[in-house]
Amino acid sequence: MRRAGGAIALAQCARLAGRGCPRAGALGSVVFLLLVAEPTLARSWSFALTVSASGALVLAATQPARAWRRLLLVAAPGLATWPLLVVLTGRLAPWGVVVTWPLLPFLAPTLACGWIAVLAPESGPAWLVSAAGGLSRALAALLIVSIETVARWPGSGLLARPVGPVWVGVCEIGLAGLLLARERRWRVGFAALVTASSLLPIFPRGTARADPTSASLVTIDVGQGQAVLAVAGRHAVLIDAGDDRVQSAREAVLTELQRRGIRQLAALVVTHADRDHSGGARLVLAATPPNWIGVPASVLRHPDARVWLDEAVARGVAVRRLARGERFSAGSIRGLVLNPLSGDDQSGNDTSLALWLRAGDLSVWIAGDNGHAVEGRLLGEGRLPIVDLLVAGHHGSDTSSSGAFLDALRPSRALISCGIDNRFGHPDPAVIGRLRARNIRTWTTDASRTMSICFDEAGRLRQSQPGIEGSARN
Ligand SMILES: [Zn+2]
């Protein structure tokens, strides 16, 4: 409001001073003065979006040809803000510009009716308030349903190829040229530049360079929650998707997938329905559609999971019920399910999936929030594998990772996914003590952030953080 007020005041001052007010000059002056008054705006995304949309409108309005001007006035703000949104969100919204046109006419009456309903005096006619409120709600519902429908169209929400400020600059220069061009040949040239630059983030980064024999396991720092990525060559399986209620968790999962150029997951496996494991599933479903989703029966029964399971089915993604004895594979990633039992109709932590995962030469134990009861049953069966790496159950809670269980799995490394100062006190010092007593080098995501474990060329197990070398907890 302050910024808009300042801009209007400036334009009025120019007019009163008899200087006229060329639109582009006015916008430039306003942007300059706002940046002088508030330099932090230079880093504000909302400011950049406002300036680019306003600039596009101002430039489009200078076109003399009426029909061409009308077309540009509708399309320009969407085209100007799209490169910024791709960089800001890392995702594509290819239908955004198209769907804005038919919906725009509904926006003003929705807001106007809403304001009437809110601001109408109490002594005024009740029918006016209820009619305006009802109409505003109905129009808002129409807008929301339309936007949600488009959000499910193919390509919506897909992870974009990583692009940076240079790409944004090329897009904006191309658009500015298109808006200012007076001659047909220049228009064609700039339209080609806008089209070509717009297509760049849609095409996936080539994966041919990926070494088909290399495999790694990545615990993504999603705070309190879990999301673990197994990558082998071109194939990737995501175990759990973090908590969708935490913005940093949402960003962490998508950033890691984007950083690795993963545009399609072989599978998304969700260990159980707790929101800190399953919450991000809907987002992942849109950003990097998996070939199939694997869940235990308890997730199929859980009301919260219905939303994203239904969406998966609508998108044509198969949903597999996983129970003990089931196997799955994607390239050199192979999984064996050891919990829950197939007839399990319980709910709660012990219905979580427990998996023996192999990615290339890497052998990993990973589970949801199973406790000692499940570990005891698996120990009793005497068929636990020996693994290189343990992703500690239940975020390092003392209810998991018993001494006998660690002795059976014999990992040399452990990763614990937990948030900084989480209210559950994860990881439990007793678990850290048990790991330390067995010389198991351990990293926690609260201290070491996202961690990646793989074998190097010499066959030694290595851990690394993207950009930072990890330090062991013990
Ligand atoms: Zn959990």
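Which residues in H7 are buried? Keep that question in mind as you look at this model, which is predicted.

Start with helix H7 itself, which covers residues 165-180 and so has 16 residues by the way helices are assigned here. From its first C-alpha to its last, H7 reaches 22 Å, close to the 22 Å expected at 1.5 Å a residue. Now for the answer: Cys171, Gly174, Leu175, Leu178 and Leu179 are the buried residues in H7. If you look down the axis of H7, these buried residues fall within an arc of 135 degrees, so they line one face of the helix. Turn to the other side of H7, and you will find Pro165, Val166 and Gly169 exposed. What lies over the buried residues of H7? The cover includes helix H3 (45-60), helix H4 (66-89) and helix H8 (184-199).

Strand S12 (residues 413-416) and strand S13 (residues 441-444) run parallel, and four bridges join them. You can find one of the partners yourself: Ile416 has Thr444 in S13 as its bridge partner. Helix H16 (residues 429-437) belongs to this picture too, as S12, H16 and S13 together make a right-handed β-α-β unit.

Definitions and conventions. Residues are numbered from 1 along each chain as its sequence is written. This is a predicted model: local features need pLDDT of at least 70, side-chain atom pairs count only at pLDDT 80 or more; totals for chains, interfaces and linings use all residues. Helices (H or I, at least four residues) and strands (E, at least two) are DSSP runs, numbered from the N terminus. The expected span of a helix is 1.5 Å times one less than its number of residues. A residue is buried if 20 or more other C-beta atoms lie within 10 Å of its own, exposed if 12 or fewer, and partly exposed in between; C-beta atoms are placed from the backbone. The arc is that of the directions from the helix axis to the C-beta atoms. Two residues are in contact if their C-beta atoms, placed from the backbone, lie within 7 Å. Two strands pair if DSSP finds at least two bridges between them. A crossover is right-handed if, with the strands pointing away from the viewer, the path from the first strand over the helix to the second runs clockwise.
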